[in-house]
Amino acid sequence: MTSGPTPLTQGAAWNALREHYEVIKAVHLRDLFAKDSGRGARLACDVEGIYLDYSKNRLTDDTLRLLLDLADSAGLRAGIDAMFRGDKLNVTENRAVLHVALRAPAGATITVDGGNVVPKVHAVIEKMAGFANRVRSGTWTGFTGNKIKNVVNIGIGGSDLGPVMAYEALRVYSDRALTVRFVSNVDATDVAESTRDLDPAETLFIVCSKTFTTLETLTNAQTARAWCLRALKSDQAVARHFVAVSTNAGEVAKFGIDPANMFEFWDWVGGRYSLPSAIGLSLMIAIGPERFREMLAGYHAMDEHFRTAPFDRNLPVLLGLIGLWYVNFFGAESHAVLPYDHYLGRLSAYLQQLDMESNGKRVDRDGRAVNYQTGPVIWGQPGTNGQHAYYQLIHQGTRLIPCDFIGFCRSLNPMGPHHDLLASNLFAQTEALAFGKTAAEVEAEGASPALVPHRTFPGNRPTNTILVEQLTPEMLGKLIALYEHKVFVQGTIWRINSFDQWGVELGKVLANRITPELTSQTDPDLRHDSSTNALIRRYRRLRLPG
């Protein structure tokens, strides 16, 4: 009988890091910078137009060496090769993990089940581009011959978070004659508010559901269909006002959508990785096919960097290892992503799904419970808004919260001093978090003894700074791929399956059971726990007015 691999926390690399943590845990960033005048320039990487300054982290050269040893011992290089090769890394669903194929150039070869998938990917991109150009030019018209002026994407999870994040990020590049909206919440308010001021004769709906059976998405789609037909009075209108991103041609046709207007994607693409697929159709219509292809080129450039760069100069590897250092050795429970660009207002929400759905796992790939922390809580919002909300806790609270600050050297909307003020706040925050303000410094400013403790900042709060020239479609693709691969690095080392999401399913199953109990004309025989039973009965009493 053969034994399994050595448990992660019993391996030599992990134990070396544990011992090193005991040495470094009390070392302050003030001292690290004081001892190394070149630290700020040395602990930085400039790759693909992305400058990563990771010098304001609680680590030394020894820390980095030990973290790289952990990556090597975890088989990270083999894992990267396996993903790009098309191996079925999603072991619980027996699927390949090939979002990288969605942005591979036309001449590439990436094989799944013996076939090169790249030509299929590019065939869909060309079909998307043709359709997007027809909508943008007015060649595609609604049922009454009106030009399409409104595009509403209906999806949920990855089929919503990716497109809406990217649309908001690239809004400056979009056709402003088009109104583009996104519906995801099964709460009727979402679809009602998204359609209330639109003309059905000028509105196109894109329904995104791989199986075309997703309850929330299909409920919203049916409501949108009814809204459209109330005005247009003919079932034939559906074929001109609805298209689908799906794999289920039968259900698509049953809905009334011409299967010729169904855009395909594949089971080797997880929803949270699907923006570069047909799920991005609404974005392509908004910004145009050429800008969309620029975004794909940015994704691919970061893919190649991740695949080929040595780990000590590899941006996703460095971010992944540094994040793991705080989660597993400092006990950090959350990680803030703080973009200093208003266009990236949805980035943190997008990264929440990417990271927390991928690495929020309690068992390893073999089904054994892990005895270490995995995915952190991801949160944040754009600067400078957050500075007046939760930065107080980051600076002076009792929790250690590592942060990524993302900034741009040039504004897409240059106006007077605005961008310099924005950038100065970004740099000031990372400086303040790292070095703080000592009691002696506060006293020297003349503060009364009673105020000194309140105005002292401990510092030693770790940050990464990601600085790029300007937010473009290409750069957005690079940034998204950077975080995708960071998640892969951590999941590989934690030995978990980052590509399933069984935790999403249980609530859906129970909701399907409860729905008829809420609407039954007779008092149902409730067989839940006493709390759920009481909530259902109260809801039933109050759900109808009067």
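This is a predicted model: local features need pLDDT of at least 70, side-chain atom pairs count only at pLDDT 80 or more; totals for chains, interfaces and linings use all residues.
Modeller: The phi angle of E48 is near 50°, a positive value in a residue other than glycine.

Biologist: Why is E48 called partly exposed?

Modeller: The relative accessibility of E48 is 35%, and the partly exposed class lies between the limit of under 20% for buried and that of over 50% for exposed, so E48 counts as partly exposed.

Biologist: Where is R495 found, and what makes R495 partly exposed?

Modeller: R495 is placed in the loop between helix 20 and helix 21 (505–519), and has a positive phi of about 65° although it is not a glycine. Its relative accessible area is 23%, and because buried would require a value under 20% and exposed one over 50%, R495 is partly exposed.

Biologist: How do you know that N261 is buried?

Modeller: N261, in the loop between helix 11 (249–255) and strand 9 (262–263), has a relative accessible area of 11%; buried means under 20%, and therefore N261 is buried. Leaving aside its neighbours within four places in sequence, N261 is in contact with W140, A239, V243 and A244.

Biologist: Why does L59 count as buried, and which residues does L59 touch?

Modeller: L59 has 0% relative accessibility, and because the limit for buried is under 20%, L59 counts as buried. L59 belongs to the loop between strand 2 (50–53) and helix 4 (61–73), and, not counting residues up to four places away in sequence, touches I24, L32, R39, L43, L64, I322 and W325.

Biologist: What makes helix 14 oblique to helix 20?

Modeller: Helix 14 (residues 315–330) and helix 20 (residues 473–494) pack at an angle of about 50°, and their axes are 8 Å apart. Angles under 35 degrees count as roughly parallel and those from 65 to 115 as roughly perpendicular, so helix 14 is oblique to helix 20. The crossing of helix 14 and helix 20 is right-handed. Among the residues that make the contact are L315, P316 and V317 of helix 14, and H485, K486 and W494 of helix 20. By class, this contact of helix 14 with helix 20 has 11 nonpolar, 5 polar and 1 charged residues.

Biologist: Why are helix 21 and helix 22 called oblique to each other?

Modeller: Helix 21 packs with helix 22 (residues 530–542) at an angle of about 40°, their axes lying 9 Å apart. Roughly parallel would need an angle under 35 degrees, and roughly perpendicular one of 65 to 115; helix 21 and helix 22 are therefore oblique to each other. Helix 21 passes helix 22 in a right-handed crossing. The contact is made by I514, E517, L518 and T519 of helix 21 together with T532, I536, Y539 and R540 of helix 22, and its residues divide into 4 nonpolar, 2 polar and 2 charged.

Biologist: Which residues have the most contacts inside the largest nonpolar core?

Modeller: W268, I285, W325 and L476 have the most contacts inside the largest nonpolar core, which has 126 residues. Not counting residues up to four places away in sequence, W268 touches A96, V97, L98, H99, A101, L102, V112, V117 and V121. A second, separate core of 24 residues includes A224, C228, L229 and I257.

Terms used
Residues are numbered from 1 along each chain as its sequence is written. Side-chain values use heavy atoms; hydrogens and water are left out. Helices (H or I, at least four residues) and strands (E, at least two) are DSSP runs, numbered from the N terminus. Buried means under 20% relative accessible area, exposed over 50%, partly exposed in between (1.4 Å probe, protein chains only). Contact means heavy atoms within 4.5 Å. Axes are lines fitted to C-alpha atoms, for helices over the stretch in contact, and angles run from 0 to 180 degrees between N-to-C directions. Angles under 35 degrees count as roughly parallel, over 145 as roughly antiparallel, 65 to 115 as roughly perpendicular and the rest as oblique. A crossing is left-handed if the near helix is turned anticlockwise from the far one by less than a right angle, and right-handed if clockwise. Ala, Val, Leu, Ile, Met, Phe, Trp, Tyr, Cys and Pro count as nonpolar, Asp, Glu, Lys and Arg as charged, and the others, Gly among them, as polar. A nonpolar core is a set of buried Ala, Val, Leu, Ile, Met, Phe, Trp, Tyr and Cys residues joined through side-chain atoms within 4.5 Å.
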